[in-house]
Amino acid sequence: MSLSQDGVSAERKFTAKKRKIPETELVKNINTTPMYILKRLSITLICLTLAAVSMAQEPFIHVIHPYKPVVSTSTSRNYLSGNTCKHCTLSVNGKKIKVYPTGAFAIRLDLKPGDTTLTFKSVAGNGQVKSKSVTYHYQVPQPVRPVSDFRIASVETFPTGDCWLMPGDIIRFRVKAQPGNKVTLDNKIILYEQPASGTGGMPGIYQCSYTLRPDDPILQKAFVITMEDGRGKSLSYSLSPKFKLLPLGEPLVGKTTGAIPYLEFGQGSDRLGGAKISYLDTAVLLQITGKFGGDYRVRLAPDHTAYIPVGQVLLMSKGAFPPHSLTGSWRVSGDAKYDYVSIGLDEKLPYTTFQQIDPSRIVLDIYGATSNTNWITQLTSAKEVKNVWYEQPEDGVVRVTIELKHHQQWGYLVYYDGNALTVRVKRQPQKLSLPRLTIAIDPGHGGSNRGAQGPTGTFEKEVTLQIAKRLRKLLENAGATVIMTRTTDESKDMIQRTHLLRMADPDLLVSVHLNSSGNPIDVSGTSTYYRYIGFRPLSQDILKHMCALGLEEYGNVGRFNFALNGPTDYPNALVETVFISNPEDEMKALNPAFQQKIAGAIMAGINDFLKQAATPVK
């Protein structure tokens, strides 16, 4: 008997047709065929096997955050996350807790002072049990108490550490000692006791500010703090900070070196470093007026100070002139791809730039410059630059304003061509559609830089690459040219990525990351980041489509200090897709179908960005 593909014999089909057997009877007959029964048995066996495997899966408990079995903490509220087998039940100290389909779990702890031991118990379907304990030692921070006996508890100076200072700089002294006494520096400079209302309720805080003089003797010896009571009792405290006084009449000059030097506003920093003002070209001259830890202080103009990492400056020999130049003739021109604004100078002066919108402008401040420009030659070969003008708002600062024709900025690069300071302005693409554009994708982290880790143990670097590859495929299918900063699990630092992107010269960049929080339960959602106001629309359009996926909005964050938001060469946005620390978000990020949705949302945001860039401003 020959069988058709559905297991019904040709003869039976013919007979059924001839006798006009009702369809229900035919189905009943089919369901009793040997082939059908075999298929049903196979499916049943597979289901039973999977159930048996599930029941036989050995239980385990992996605590990811914190990873230590004993945790010391000074806060009562703490969080713990990790993973167990997907089909296990999990309890902590006898209380059942939620296990996500990925096996992840997260709990919030409200501790009491002393030791708290958490015993986790994971139970598999076959009854096997695995236990694990984590102990928290919570010590309530003791309130800071005033000094009750006759002594000096501490002496602080601001600045502190290894510093180079200039005459006119101020050293601030703060002393904590027994209240109600007389405290002096070198037995002549009074440190005044501050009212407790201004010190957080702490009496016995003494302060003074000291202005350095040329050849100041105070720096030639240790600082001596003396305290006296009203009955003639006294004691002294000696402090020897490493302060060096720079000569007032001998300017110290350096020039920038390294791959991508940059200026910072001040000495403050966070995990992304200090807040950056602007990037510089190499061999730019700088007047050094101090050193504080790992930064040089730089005098840009009489009322402008900045900081730069020590490793980005090569000090020049004594006698070098401080940077100064008259401005020469200007030229505004264009080639096949860019417009150029070129400003003649005698030497390479420092500069900073910022963007303006409505109307769209690039503003360039040149420090140490004095205007001596009597004409600006503008050629019709310039297609994007609408107007160029300058002003001298103060001594030592020439401000250049470059007005653009389009409302969307597409990037610019400032560099020296010889001693001519040049602003290379990128034009708006003629066709604002993906088949005409080059899109750069940066999958965050990679190699030894694993990024954040989720409750299942997954590292950020793995997921960012998966999403980036999906995004690349979508963009390429739409006709775009795509470049990626990495395509494998490799280590590439930010300087390497920045150089790669500068050589590739993309039309825009999207950097893909996953966020993380110490609170894995309450903090979730998606966010986008930009640094320059002219590039904000790209981050806004992407965020709109990310939120449309049902993700909680975590915000659109500006002036962000992420390294790849720093280049002005092209519009760029950082996308923190979800919080990998949150079990619900992590589960979405690990789902290939949701990764595809994320990639689609980013591409939709790019398309919206292109549409708004093509829309004329009314």
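Does Cys208 count as buried or exposed, and at what relative accessibility?

Analyst: Cys208 counts as buried, at 9% relative accessibility. Here buried means under 20% relative accessible area, exposed means over 50%, and partly exposed lies in between (1.4 Å probe, protein chains only). The model is predicted: local features need pLDDT of at least 70 and side-chain atom pairs count only at pLDDT 80 or more, while totals for chains, interfaces and linings use all residues. Residues are numbered from 1 along each chain as its sequence is written, and side-chain values use heavy atoms, with hydrogens and water left out.

The next point is the bonding of this cysteine. A disulfide is taken as a pair of cysteine sulfur atoms within 2.5 Å. The cysteine sulfur closest to that of Cys208 belongs to Cys163 and lies 16 Å away, so the two are too far apart for a bond. Cys163 is itself buried, with a relative accessible area of 0%.

One disulfide is found in a search of the whole structure. The bond joins Cys85 to Cys88, with the sulfur atoms 1.5 Å apart. The angle about the S-S bond is -90°, and the link of Cys85 and Cys88 is left-handed. Both Cys85 and Cys88 are buried.

Helices (H or I, at least four residues) and strands (E, at least two) are DSSP runs, numbered from the N terminus. Two strands pair if DSSP finds at least two bridges between them. Five strands form an open sheet with mixed pairing, in the order E2-E8-E7-E4-E5. Its edges are strand E2 (70–73) and strand E5 (95–97), each of which pairs on one side only. On average, neighbouring strands of this sheet are turned by 25° against each other, direction ignored; axes are lines fitted to C-alpha atoms, for helices over the stretch in contact, and angles run from 0 to 180 degrees between N-to-C directions.

Within the sheet, strand E4 (residues 89–92) pairs with strand E7 (residues 114–123) in the antiparallel sense, over four bridges. Ser91 stands opposite Lys121 in E7. The loop between E4 and E5 holds Asn93. Asn93 is not a glycine, yet its phi is positive, about 50°. This residue counts as partly exposed, at 47% relative accessibility.

Another residue with a positive phi is Ala283, at about 65°, although it is not a glycine. Ala283 sits in the loop between strand E20 (276–279) and strand E21 (285–292), and its relative accessible area of 27% makes it partly exposed.

Several prolines in loops follow. The peptide bond from Phe158 to Pro159 is cis, with omega near 5°; Pro159 is placed in the loop between strand E9 (152–158) and strand E10 (163–165). Another cis peptide bond joins Asp358 and Pro359, with omega about 5°, and Pro359 lies in the loop between strand E28 (351–356) and strand E29 (361–367). The loop between strand E13 (189–193) and strand E14 (205–211) contains Pro203, which is partly exposed with a relative accessible area of 27%. Pro203 and Pro179 are 24 residues apart along the chain, and their C-alpha atoms are separated by 6.0 Å. Not counting residues up to four places away in sequence, Pro203 touches Pro146, Pro179, Glu193 and Ala196, where contact means heavy atoms within 4.5 Å.

Arg497 is found in helix H5 (residues 494–504) and is buried, with a relative accessible area of 2%. Leaving aside neighbours within four places in sequence, the contacts of Arg497 include Asp442, His445, Arg486 and Leu564. Helix H8 (residues 592–614) has 23 residues and reaches 33 Å from its first C-alpha to its last, close to the expected 33 Å; the expected span is 1.5 Å times one less than the number of residues. At the start of H8, a side-chain oxygen of Asn591 comes to within 2.9 Å of the backbone nitrogen of Ala593.

Terms used:
Polar contact = N/O pair within 3.5 Å; in protein donor to acceptor, adjacent residues only side chain to side chain.
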